[in-house]
Amino acid sequence: MSRVASRRRLSPTLVFSAAILIAFALIAVVSLFALPQDPFDFVSDEPFSPPVAGIWLGADYLGRDVLSRLMDGTRITLFMALSATLLAHLIGDTLGLLAATRGGFVDAVLSRIVDVVLALPKIIVGLVVVAALGSSVSVIIGIAAVVYSAGVFRIARALGNDLKEMDYIKLARSRGEGMAWILFGEMLPHVVKPLATDFAIRASFAILFMSSLSFVGLGVQPPMADWGGMARENLGGLSTNPLAAVGPAIAIALVSIALNMLVDALDGDARH
Amino acid sequence: MAHFIAWRLLATLLLLFIVSLLVFWACEILPGDVAQVALGQYATPENVKALRIEMGLNQPPLQRYLQWLVGAVQGDWGRSLVTKSPVSGLLSERVANTALLAGITTLIAVPLAIALGVVMAMWNGRALDRGASIVILALSATPEFLLATLLVLLFAVNLGWLPAVAYLSTGSGLGQTARALLLPTASLVVVVTAQIARMTRAILGNILTQAYIEMAILKGVPGRRVVARHALRNAVGPIANVVALNTAYLVSGIVVVETIFAYPGLARLMIDSVQSRDLPVVQACAMIFCATYVLLILLADVMARVFDPRSLPQRPMDAI
């Protein structure tokens, strides 16, 4: 098996997207231990001073180091996107497989709730919840997890419906196995691959969703900043240091594009 | 057909009713004491009590909900907590501005996207198709605010041709309005076009693998005719559906674009109201956005059905 795998040529988009994602993951880890400058400290008296040696991406609207804040923001942005997607999958996979296996009343109720969630524009749901509860990292993660779990539920339920007629599932049920074992022990291992693909695409949606909330000023609150927040707070300095606003926006685009390309490449792989 | 439409209309009305319950719950029950929220944490207990009575918060929630719903259906959304003026007065101009932005974007993006998707399908598999596919994929995954920021940087900051802020006033002439709308529309058009073109390409690509297309090619029908005559005819339904669903993507794009350009639209009003926790205005804006979105999904379902009676109702894209 390993010989076959090693002989297969990797597609350039797969290599490109994996490289970008690994690079950002490394930056996120490094930002925990070392940053070029203190992301909350002032390195320049001038707001939006252009890049010089040592301050490689210039200063932001308060005269802080853009590069350090960008690296710090990498960790915040990726942490939020990953936890929201993970939670969405935890909720969506469990309930989706449960709805498929149980059927009947449980399935009907869960499916109708999901219909309603999917029929609402996500960004508007986000704005309403922020209006009600105020904005914090945990509220934003919670909103993203709930709105995206509906789509995950649909996929997990469809996968579960295909599986539940399989002999080994029927056998497990007639053996009297508990529901938890049937869902996670018997079913989950067979649907890990499509769910993992969904995870990647869902994470790209989550990053765009949460950055948009931060960008309109209703996500992560200052002085902490994710990429969306940085892109917003530095909009005023486009004439002297455009990197302060464009840099974080490009970072979001890169991660989102890489995730989409990864899924495209994996899908193409699965088809051949 | 009539039966299908009546049934979907009923489901949509039920959905709107549930949405109204959720919006009311989120804005009036979830925050706890709305009077406290409106006055801030330094308000005296007497002030809070007076406002509670003024706002009718001492009445049971069900009664408040019914009053709100009856008012909303008649276009009376209550009074703003910040300006104290009727919410409906704030809305009308904002709704018109947002409808203008969304309308122009749709008019430009839809024909452009379908043309692009069809051309890419004609180049099926060639280097040009693959190149365009990657560009379209990248653009559809790019946040609106990156495109908008780059456009502002280029056309407003560096070249100075266009205003970075889209002021609209009733006095401004057509030329001025067009200049103000140019950059916001361009940012939205790029994203929406990329989304629709990508799906159009995928739909046509699927159809082109079918047996009757192979038959046509084997018969010697030229490639251009195969796409235009044979494939496109069956793609009209799914594409119409994609278009209706994609205008729903516009909602999130509009929220971002109105922020960057300080465009006086409904989304900007909603964001400002969320920031100042002006809950009656938030409620009204949320209901208008959700109702528009739900109606677009209804339109998508009906269109898919009209063009292809075999089709089951499609679900909305659950991306944004």
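**Exercise 1. Why is helix 5 of chain A largely enclosed by the rest of the structure?**

*Solution.* The model considered here is predicted.

Step 1. Locate the helix. Helix 5 of chain A runs over residues 122-133. Its 12 residues reach 16 Å from the first C-alpha to the last, close to the 16 Å expected at 1.5 Å a residue.

Step 2. Apply the criterion for burial. A residue counts as buried if 20 or more other C-beta atoms lie within 10 Å of its own. In helix 5 of chain A, 11 of the 12 residues are buried, so the helix is largely enclosed by the rest of the structure.

Step 3. Follow the chain onward. Just after helix 5 of chain A, Gly134(A) takes a positive phi of about 80°.

**Exercise 2. Describe the overall make-up of chain A, and place its database annotation.**

*Solution.* 

Step 1. Count the elements. Chain A holds 10 helices and zero strands, which gives the pattern α-α-α-α-α-α-α-α-α-α along the sequence.

Step 2. Consider the extent and the interior. The C-alpha trace of chain A spans about 75 × 55 × 30 Å along its principal axes. Of the 272 residues in chain A, 48% are buried.

Step 3. Consider the contacts. Of those in chain A between residues at least 6 apart in sequence, 69% join residues at least 24 apart.

Step 4. An unreviewed UniProt entry assigns "domain: ABC transmembrane type-1" to residues 74-263 of chain A. In the model, this span is 83% helix and 0% strand, and its end C-alpha atoms lie 21 Å apart.

**Exercise 3. Which helix of chain B gives the most to the side of chain B that touches chain A?**

*Solution.* 

Step 1. On chain B, 44 residues are in contact with 43 residues of chain A.

Step 2. List the contributing helices. At least two residues each come from helix 1 (2-29), helix 6 (127-140), helix 7 (144-158), helix 11 (249-260), helix 12 (266-275) and helix 13 (279-307) of chain B.

Step 3. Select the leading one. Helix 13 of chain B gives the most, with eight residues.

Step 4. Classify the residues. This side of chain B comprises 36 nonpolar, five polar and three charged residues.

Step 5. Compare with the record. Among the spans of chain B that an unreviewed UniProt entry lists under "transmembrane region" are residues 135-157 and 281-307. Residues 135-157 of chain B are 87% helix and 0% strand, with end C-alpha atoms 26 Å apart. For residues 281-307 of chain B, the figures are 100% helix, 0% strand and 39 Å.

**Exercise 4. Is Val95(B) buried or partly exposed, and which residues does it contact beyond its sequence neighbours?**

*Solution.* 

Step 1. Val95(B) belongs to helix 5 (residues 87-122) of chain B.

Step 2. Val95(B) is partly exposed, because 17 other C-beta atoms lie within 10 Å.

Step 3. Find its partners. Leaving aside neighbours within four places in sequence, Val95(B) is in contact with Leu266(B) and Ile288(B).

Step 4. Examine one pair. Val95(B) and Leu266(B) are 171 residues apart along the chain, yet their C-alpha atoms are separated by 5.4 Å.

Note on methods
Residues numbered from 1 in each chain as written. Chains lettered and ligands numbered in written order. Predicted model: local features only at pLDDT ≥ 70, side-chain atom pairs only at ≥ 80, totals over all residues. Helix = DSSP H or I, 4+ residues; strand = E, 2+ residues; numbered from the N terminus. Contact = placed C-beta atoms within 7 Å. Nonpolar A, V, L, I, M, F, W, Y, C, P; charged D, E, K, R; others polar. UniProt positions renumbered as here; feature names shortened; annotations may be inferred. Expected span 1.5 Å × (residues − 1).
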